[in-house]
There are 2 protein chains.
Amino acid sequence: MQYCKNIGESQRKNSKNIMIKIGVIGLGLIGGSIARDLNAQIGVTLYGYDNNASHLQKALEIGIINQSQNLEYLIENMDVIILAIPVDKIELLLPRILDSINKDTLVIDSGSTKEKICASVSDHPRRGRFLAAHPLAGTEYSGPEAAIKGLFLNKKNIVCEREKTDADALDLGLKILTSLGLETLFLSASEHDKHLAYVSHLSHISSFTLGLTVLDIEKDENQIFNLAGTGFESTVRLAKSAPQTWAPIFNKNSTHLITALDQYINYLQKFKTALEQDDSNASYRLMEEANRIKEVLNK
Amino acid sequence: MQYCKNIGESQRKNSKNIMIKIGVIGLGLIGGSIARDLNAQIGVTLYGYDNNASHLQKALEIGIINQSQNLEYLIENMDVIILAIPVDKIELLLPRILDSINKDTLVIDSGSTKEKICASVSDHPRRGRFLAAHPLAGTEYSGPEAAIKGLFLNKKNIVCEREKTDADALDLGLKILTSLGLETLFLSASEHDKHLAYVSHLSHISSFTLGLTVLDIEKDENQIFNLAGTGFESTVRLAKSAPQTWAPIFNKNSTHLITALDQYINYLQKFKTALEQDDSNASYRLMEEANRIKEVLNK
């Protein structure tokens, strides 16, 4: 892990004692975990804001942030601003932040969709100060108490439209993300959203849907959850995720996600047809093909 | 844990030195794990058979069983026979085993479906020597090398049609299952199959289907699995499961599973409609309802 004593040299060229000021907006699972790890690094003063007052208070209490401040203060006074709020809120707030930051401030987002966020500032005169990022980490829990030390260690991060970010901002942003333990890959915003529709957003929908279906039957069969094994718990785990995070993600990635859902439903229909036609061979072949997931997940 | 020195008293009444002879047919994940734990108990001689010769050899080598024997030997010479083969094979073999066992032999199955297995021997003159069981444990791996010590510890077991099993056979069967660490619940075969369709079989189909869908897109997007996070891995884990186990399960539980699949697809369509209509509130409400899984899984 690199520490922040190595980052932000340009911000501190006049004095070795000046701390880099990082402001995290949104102190839930992702923002809280980012703040927690950065706040533990030498040379960082960590400011935080959350529009949920009790989250902000809790983040201060448990030491995830050094100082709580209002949004305007963060926008005007930080070296680095990190956005960890729902993707629809990022899309609304990001242009306003770029309007008002200092000329050297870097803004990094952490949103799970990228096309619409990037589009919201594509023509902004300060576009170069924005780094479009997505650290691929999380759990099904939410809020500052869900923040985990080392959440991003050995995880992947995706940066989109790197060419639109100023060289110094890209450099600083990558150093910060690397210091969290992330390995960065570069994709276009469109590739990002398509890929994530399949390997993240669809699996959330499949899990929410499994939860809904089993809850429905549970109304009549109240001991059904006594029978739930580890396989069910693993498959339904993501159904515990926060709707306020995921409703905007699904909405902002609806085009790719509808395509993925159509393919998913199409395969379910194939299983259903195999069952209806008493055709074990057909379901066997589908599962044999699905087994190839073992190889690709291990490569 | 109880040990087998406490079981099978009726089988050993003539001598304290006679070991109880248990034969496990099918030495994969489930049979291998049963054999491994029983073989570690005092007073048990563990015989095994698998129609896959290399599995049988491997089970001997790694000490899961004491002796390998052919099927006929096991049927004619055991105090207890445990069936851990695919459910369609249980349905075929069970009547034949009951035809040929000694009058005191107990036969326990471990199949993941129960209605058709129970129906296959419902009128058999030796029905009382059969205990219809389903230990709710497993992993996505298979074969004797996947056998795990303590796989059943603190897990649930379901026994169906207890009233059709002779009192002494029920007593001995439950002692054996309890000695593995299982807690037994009693359900009708029909209730069992309905419940399991929802909390086990459907989640396997949803996971296989997720694997298929993402493998499809991966043909064009070869780096997609670099982006797979822990959420995806959790949701797709069951897609690694063995088709030879699961094709017969789906087939033998097709009526309940088709009903469950219809409900599941119906909920997916609701998500899809919400996406198509740009209706974040609708998907929010679906997820909020699904979140109730948190409470029921913890109760």
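Me: How many residues of chain B are in contact with residues of chain A?

Reply: In this predicted model, 78 residues of chain B are in contact with 78 residues of chain A, where a contact is counted if the C-beta atoms of two residues lie within 7 Å. On the side of chain B that touches chain A, the elements giving two or more residues are α7 (189-218), α8 (230-236), α9 (243-252), α10 (254-276), α11 (280-290) and α12 (293-298) of chain B. The largest share, 21 residues, comes from α7(B), and the residues of this side divide into 44 nonpolar, 20 polar and 14 charged.

Me: How do you know that the copies meet through the same surface?

Reply: Of the interface residues of chain B, 100% are also interface residues in chain A, so the copies meet through the same surface.

Me: What makes the relation between chain A and chain B that of a two-fold axis?

Reply: Chain B can be laid on chain A by a turn of 180 degrees with a shift of 0.0 Å along the axis, and the RMSD is then 0.0 Å. That is the relation of a two-fold axis. In chain B, the C-alpha of Thr235(B) is the one nearest the axis, at 2.2 Å from it.

Me: How do you know which parts of chain A call for caution?

Reply: Chain A averages a pLDDT of 92, and 94% of its residues score at least 70. Over residues 1-15 of chain A, however, the pLDDT is below 50, although this stretch has 32 contacts in the model beyond near neighbours in sequence. Where pLDDT is low, the predicted coordinates should not be read in detail. For the model, the scores are ipTM 0.89 and pTM 0.89.

Me: Why is strand β6 of chain A called mostly covered?

Reply: A residue is buried if 20 or more other C-beta atoms lie within 10 Å of its own, and six of the six residues of β6 (residues 130-135) of chain A are buried. Phe130(A), Ala132(A) and His134(A) point one way from β6(A), whereas Leu131(A), Ala133(A) and Pro135(A) point the other way, and all are buried. In a regular strand the side chains alternate between the two faces of the sheet.

Me: What makes β5(A) and β7(A) partners of β6(A)?

Reply: Two strands pair if there are at least two bridges between them. Three bridges join β5 (residues 106-109) of chain A to β6(A), and these strands run parallel, with Val107(A) standing opposite Phe130(A). Four bridges join β6(A) to β7 (residues 156-160) of chain A, and here the strands run antiparallel, with Pro135(A) opposite Asn157(A) in β7(A). The pair β5(A) and β6(A), together with helix α5 (residues 115-120) of chain A, makes a right-handed β-α-β unit.

Me: Why is Asn154(A) called exposed, and what is its phi?

Reply: A residue is exposed if 12 or fewer other C-beta atoms lie within 10 Å of its own; Asn154(A) has 9 of them within 10 Å, and it is therefore exposed. Asn154(A) is found in the loop between β6 and β7 of chain A, and its phi is near 65 degrees, a positive value in a residue other than glycine. Most residues other than glycine have a negative phi.

Me: Is Asp278(B) buried or exposed, and where is its place in chain B?

Reply: With 9 other C-beta atoms within 10 Å, Asp278(B) is exposed. Its place is in the loop between α10 and α11 of chain B, and Asp278(B) has a positive phi of about 55 degrees although it is not a glycine.

Notes:
Residues numbered from 1 in each chain as written. Chains lettered and ligands numbered in written order. Predicted model: local features only at pLDDT ≥ 70, side-chain atom pairs only at ≥ 80, totals over all residues. Least-squares fit on C-alpha atoms with pLDDT ≥ 70 in both. pLDDT = per-residue confidence, 0-100. Right-handed = clockwise from strand over helix to strand, strands pointing away. Nonpolar A, V, L, I, M, F, W, Y, C, P; charged D, E, K, R; others polar.
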